[in-house]
Amino acid sequence: MGKQKKIAIIGLGYVGLPLAVEFGKSRPVIGFDSNPDRVDELLAGVDSTLEVGSEALADSVQLEVTVDSLRLQECSVFIITVPTPIDEVNRPDLSLLISASETVGGALKSGDIVIYESTVYPGCTEEICVPVLEEISALTFNKDFFCGYSPERINPGDKVNTLRTIVKITSGSNAQVADEIDRLYASIIDAGTFRATSIMVAEAAKVIENSQRDLNIAFVNELSLIFNVIGIDTIDVLEAAGTKWNFLPFRPGMVGGHCIGVDPYYLTHKAEQVGYEPQVLLAGRRINDDMARLTALSIVKKMALNGIDVSKSTVAIFGVTFKNDCPDIRNSKVFELVDEFESWGVNVILIDPWANKGAVSNIYQRELIEFSSDLNFDSVVVSVGHEVFKTMDLNDLRSTCRSARPVFADLKAIFSRETLEEKGFTVVRL
């Protein structure tokens with residue numbers, strides 16, 4: 001895996017771009033993306049995902065970005081980093097992965113290596129992707145070309161746990177290739193690498209990481225439902241329990257994004273393929289998938305108890321991204337919350353300085369507005385814990401509420417209950 005070998009990164013999103021930039025600092029890299037708008041912004045030195053700054057882009061002196069798939073023929077190592085979502089009935093959608101494999105297959109030569117980083121179920125690389133590569137290239141796997149799997153661990157918006165500082169799992173289709181792939185990643189990962197015993201083991205390790213988080217969040221979500229009925233504050237309970245050294249600091253909430261709410265369905269899909277009916281994984285998913293509905297219901301009930309005519313009310317929702325201080329709106333459950341409110345006749349105002357207005361409009365057909373003291377609404381929902389929201393003037397916020405007893409749903413518990421109540425809000429927390 002000499003430095004003279006050119007690498008191709010297929011997919012320049014949250015995962016592919018940081019990888020391309022790091023490799024491009026020390027070796028020739030072709031960054032390929034099928035979206036010309038994405039390539040144009042990167043050529044202009046701008047990354048709309050905010051994962052890579054203009055300075056870092058400029059420092060990656062050996063990186064070339066392109067929409068021309070013919071340029072891939074210059075490369076000997078291909079790293080595929082395309083999204084792997086689920087469809088409307090929660091089955092794995094491998095269409096982008098298959099398409100990327102077809103694109104790479106058209107450029108594949110004898111001796112080349114193809115590495116997958118996209119989240120998949122155990123066995124997917126060798127059962128689904130490899131046959132596509134063989135068919136398109138007319139080459140034979142593990143004789144003419146080789147494969148590896150090195151799951152992405154990018155945490156969008158995180159400036160501490162970055163590509164270089166997170167241990168990288170690597171694997172290859174034979175021992176020699178596994179060594180070469182491990183050395184390749186070790187050249188850019190400061191935290192080091194962990195060589196898995198097989199591609200399937202590496203695939204399974206990735207898919208259980210987020211499944212574990214999903215189950216932990218489902219547990220505290222169920223606790224919040226129980227404590228709601230009992231009449232005690234879930235956050236108060238968790239803070240008290242958190243004084244024990246080994247209590248895990250998970251918080252209730254809506255589980256969105258491209259990983260945690262998706263990956264468990266990849267594992268359950270494979271389990272069902274081999275004849276096992278998952279119980280715990282799907283139970284956690286059912287709880288988390290229902291949180292938008294239950295959250296809206298809880299807020300609507302409180303509004304009605306406060307004398308607010310729900311069907312004629314306006315609710316301001318602060319935050320539409322799937323996580324704090326990040327522009328990523330993929331699979332954001334906030335829009336499900338909006339749908340639930342609208343099913344009750346509520347007019348919804350959306351405010352989020354981090355989200356891209358055009359993306360929100362194109363993907364969700366919703367309009368983002370800026371907060372102004374001229375606005376009028378009956379209740380407030382803070383659904384994302386952006387730092388900018390933590391410094392909001394609560395007096396200004398209260399003055400824009402036209403109802404006598406406005407509800408303040410602090411879904412991320414970024415304000416103290418006492419402070420909100422002093423301002424005249426009725427507080428709802430998960």
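**A parallel sheet and its surroundings**

Modeller: Val-380 has Phe-408 of E12 standing opposite it. This is a predicted model, in which local features need pLDDT of at least 70 and side-chain atom pairs count only at pLDDT 80 or more, while totals for chains, interfaces and linings use all residues. Residues are numbered from 1 along each chain as its sequence is written, and side-chain values use heavy atoms, with hydrogens and water left out.

The names of the elements follow DSSP: helices (H or I, at least four residues) and strands (E, at least two) are DSSP runs, numbered from the N terminus. Two strands pair if DSSP finds at least two bridges between them. The sheet in question is open and has five strands in the order E10-E9-E11-E12-E13, with parallel pairing. Its edge strands are E10 (347–351) and E13 (426–428), each of which pairs on one side only. From one strand to the next, the twist averages 20°.

Strand E11 comprises residues 379–382. On one side, strand E9 (residues 314–318) is joined to E11 by four bridges, and the two run parallel; here Ile-317 is placed opposite Val-381. Strand E12 (residues 407–410) also pairs with E11 in the parallel sense, over four bridges. Val-381 has Ala-409 as its bridge partner in E12.

In a regular strand the side chains alternate between the two faces of the sheet. In E11 both faces are covered: Ser-379 and Val-381 on one side, and Val-380 and Val-382 on the other, are all buried. Buried means under 20% relative accessible area, exposed means over 50%, and partly exposed lies in between (1.4 Å probe, protein chains only).

Strand E5 (residues 113–116) is likewise covered on both faces, with Ile-113 and Ile-115 on one side and Val-114 and Tyr-116 on the other, all buried. Strand E4 (residues 77–80) is joined to E5 by four bridges and runs parallel to it. Within that pairing, Phe-78 stands opposite Val-114.

The loop between E9 and helix H12 (334–343) holds Arg-330, and Pro-327 lies in the loop between E9 and H12 as well. Pro-327 counts as buried because its relative accessibility is 13%. The C-alpha atoms of Pro-327 and Trp-354 are separated by 5.1 Å, although the two are 27 residues apart along the chain. Contact means heavy atoms within 4.5 Å. Neighbours within four places in sequence aside, Pro-327 is in contact with Tyr-14, Ser-48, Thr-49, Leu-50, Thr-321, Trp-354 and Ala-355.

Arg-330, at 30% relative accessibility, counts as partly exposed. Leaving out residues up to four places away in sequence, Arg-330 touches Tyr-14, Gly-257, His-258, Phe-322 and Tyr-364. Arg-330 is 30 residues from Val-360 in sequence, and the C-alpha to C-alpha distance is 9.8 Å. The side chain of Arg-330 also makes a polar contact of 2.6 Å with that of Asp-328. A polar contact is a pair of N or O atoms within 3.5 Å; within protein, one must be able to donate a hydrogen and the other to accept it, and residues adjacent in sequence count only if both atoms are side-chain atoms.

Glu-22 is buried, with a relative accessible area of 12%.

The axes of helix H9 (residues 263–273) and helix H10 (residues 280–289) come within 10 Å and cross at roughly 145°. Axes are lines fitted to C-alpha atoms, for helices over the stretch in contact, and angles run from 0 to 180 degrees between N-to-C directions. In H9, Pro-264, Tyr-265, Leu-267, Thr-268 and Glu-272 meet Leu-281, Leu-282, Arg-285 and Asp-289 of H10. The residues of this contact divide into five nonpolar, one polar and three charged. Ala, Val, Leu, Ile, Met, Phe, Trp, Tyr, Cys and Pro count as nonpolar, Asp, Glu, Lys and Arg as charged, and the others, Gly among them, as polar.
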